[in-house]
Amino acid sequence: MPPEGWTIITGAGRGLGRALALELASLGACIFATDIDADAAKETAELAAHKGSQRTAHRKCDVTQIAEFEALVEALDGQPVGLLINNAGVACGGEIGKTPLEDWKWSMETNFFGAVNGCHVFVPLMRKQGCGLIVNIASAGGFLNIPDAAAYSAPKAAVVSLTETLAAELHGTGVKAKVICPLFLRTDAVEGGRFTDEATREAGRRLVRQGRCPAGMARRIVHLILHRSAVVIIPEREGRWLRRLKYWLPGLYISLVSAARRRFYAADNQSAV
């Protein structure tokens with residue numbers, strides 16, 4: 001069963017965030033859906049109620065703004081928080097040296113500082129409670145380091161480091177921290193992302209089309225966060241094998257991802273003819 005108290009999910013208006021909200025709602029969790037799109041957050045809360053959530057709430061929350069997290073705590077008015085899922089994220093792609101610094105900052109503000117802000121506000125609250133679980137959604141990109149995705153992968157790698165450090169700091173307090181590193185998911189993140197050129201965006205689309213559906217991944221993630229003690233959780237077997245390959249045979253790994261990149265762009269050029 002989910003932890004008692006509110007389950008707060010950022011970026012809950014669509015994609016994996018919404019899927020996690022509905023999966024946890026089906027287990028009876030009290031869902032507090034937040035999103036930069038207030039209407040989308042409201043819709044998720046309504047869907048969660050139909051799925052079996054005991055209580056629901058919704059609120060606009062731009063994760064890049066610490067004041068919006070602080071306002072969220074005020075809105076809770078002392079009610080306990082059992083689970084915080086820092087899920088909000090954006091897609092960003094392009095070669096290093098070509099990706100505008102503004103895009104790097106945009107990605108870092110959401111993908112990394114969004115999690116930092118959530119932890120900064122809710123860790124003290126959970127420490128005071130003496131219980132709770134913080135789950136940060138990172139990405140396999142945080143350790144696979146795929147070409148043309150540094151502006152996305154670097155913040156996700158930082159989220160992994162943040163969570164491992166947080167888990168050590170929270171040891172013995174009754175509060176736990178975990179980070180999820182999934183591979184690609186079939187969401188609309190690429191369409192709303194920032195890419196240096198259309199070829200890079202199309203490569204992102206091709207990766208996403210090969211990914212898993214958010215609902216299935218949400219079921220897997222919820223099972224793992226509720227039943228596994230690991231801090232870093234890689235939900236797919238392929239992700240775990242790729243991580244091993246990278247560390248055991250780094251030269252071969254770089255050759256493989258470079259070859260895969262060339263194939264993706266070759267396919268794009270052929271389709272454009």
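Which exposed residues does the face of helix 2 turned away from its buried side carry? They are Asp39 and His50. The model is predicted.

**Helix 2**

Helix 2 covers residues 38-51, 14 residues in total. From first C-alpha to last it reaches 20 Å. That is close to the 20 Å expected at 1.5 Å a residue. Its buried residues are Ala40, Ala41, Thr44, Ala45 and Ala48. Seen down the helix axis, these buried residues fall within an arc of 140 degrees, so they line one face of helix 2. Asp39 and His50 sit on the face turned away from that buried side.

What lies over the buried residues of helix 2? The cover includes helix 1, strand 2 and strand 3. The table gives their residue ranges.

| Element covering the buried residues of helix 2 | Residues |
|---|---|
| Helix 1 | 15-26 |
| Strand 2 | 30-35 |
| Strand 3 | 56-60 |

**The cavity**

The structure holds 1 cavity of 30 Å³ or more. About 50 Å³ of space lies in the largest cavity.

Which residues line the largest cavity? The lining consists of Thr10, Val63, Asn86, Asn87, Ala88, Thr110, Asn111, Gly114, Ala115, Ile137 and Val159. Helix 4 (101-111) supplies at least two residues of this lining, and so does helix 5 (113-129).

Methods. Residues are numbered from 1 along each chain as its sequence is written. This is a predicted model: local features need pLDDT of at least 70, side-chain atom pairs count only at pLDDT 80 or more; totals for chains, interfaces and linings use all residues. Side-chain values use heavy atoms; hydrogens and water are left out. On a 1 Å grid over the protein atoms alone, a cavity is a set of points where a 1.4 Å probe fits but cannot get out, and a pocket is an open set with protein on both sides within 12 Å along at least five of seven lines; lining residues have an atom within 4 Å of a point. Grid points are joined across faces, edges and corners, and a volume is the space filled by probe spheres set on the points. Helices (H or I, at least four residues) and strands (E, at least two) are DSSP runs, numbered from the N terminus. The expected span of a helix is 1.5 Å times one less than its number of residues. Buried means under 20% relative accessible area, exposed over 50%, partly exposed in between (1.4 Å probe, protein chains only). The arc is that of the directions from the helix axis to the C-beta atoms. Contact means heavy atoms within 4.5 Å.
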